Amino acid sequence: MKSSIYIVDVDRTDTWTRYRNGLCDNCVANCCTMPVEVKLPDLVRLELVDPFEAEHEAPKQIAKRLMKAGLVQHFNFKYEIFTLARRANGDCHFLDATTRRCKVYDKRPNTCRKHPQVGPRPNYCPFGAKTAPGR
């Protein structure tokens with residue numbers, strides 16, 4: 001999938017940039033267009049699932065509710081991994097469309113917290129720099 005704003009093919013990891021400190025400072029969050037796999041504690045931290053519900057409800061039932069609400073796209077029953085739904089353009093629901101910054105940064109899932117150390121190509125990211133208007 002290509003970013004809706006800047007042409008970076010997040011599916012071609014061979015085109016990714018080696019991560020270095022400060023790289024995120026002027027990035028347009030192309031990593032936030034990739035599918036995000038989360039566990040139940042992430043959903044609790046994001047306040048999509050109540051702690052009581054997480055303790056007393058089967059993950060399968062939680063997944064059904066979140067899928068119906070359009071918050072989860074897929075649920076892996078075997079590993080109890082939820083894949084968060086994305087907007088039609090591929091962006092994460094928690095990505096601010098204007099600033100390209102995470103709206104829930106302090107509550108973000110572990111997958112996001114550990115990027116780019118973990119993922120399809122560890123220590124690399126689908127970096128896309130901001131460009132000047134009119135380019």
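Helices (H or I, at least four residues) and strands (E, at least two) are DSSP runs, numbered from the N terminus. This is a predicted model, in which local features need pLDDT of at least 70 and side-chain atom pairs count only at pLDDT 80 or more, while totals for chains, interfaces and linings use all residues. Residues are numbered from 1 along each chain as its sequence is written, and side-chain values use heavy atoms, with hydrogens and water left out.

**View 1. Order of the elements in the chain.** The chain has 4 helices and 5 strands. Read from the N terminus, they follow the order β-β-α-α-α-β-β-α-β.

**View 2. The largest nonpolar core.** A nonpolar core is a set of buried (under 20% relative accessible area, 1.4 Å probe, protein chains only) Ala, Val, Leu, Ile, Met, Phe, Trp, Tyr and Cys residues joined through side-chain atoms within 4.5 Å. The largest one holds 19 residues, and L43, L66, F82, L84 and F94 have the most contacts inside it. At least two residues each come from α1 (40-45), α3 (59-68), β3 (72-76) and β4 (81-84). The largest share, 3 residues, is that of α3. In the chain of 135 residues, 33% are buried.

**View 3. Surroundings of F94.** Contact means heavy atoms within 4.5 Å. Leaving aside residues up to four places away in sequence, F94 touches L46, L48, L84, R101, C102, K103 and V104.

**View 4. Residues 1-6.** The pLDDT (the predictor's confidence in each residue, from 0 to 100) averages 89 over the chain, and 90% of the residues score at least 70. For residues 1-6 the pLDDT is below 50, and this stretch has 21 contacts in the model beyond near neighbours in sequence. Where pLDDT is low, predicted coordinates should not be read in detail.

Terms used. Buried means under 20% relative accessible area, exposed over 50%, partly exposed in between (1.4 Å probe, protein chains only).
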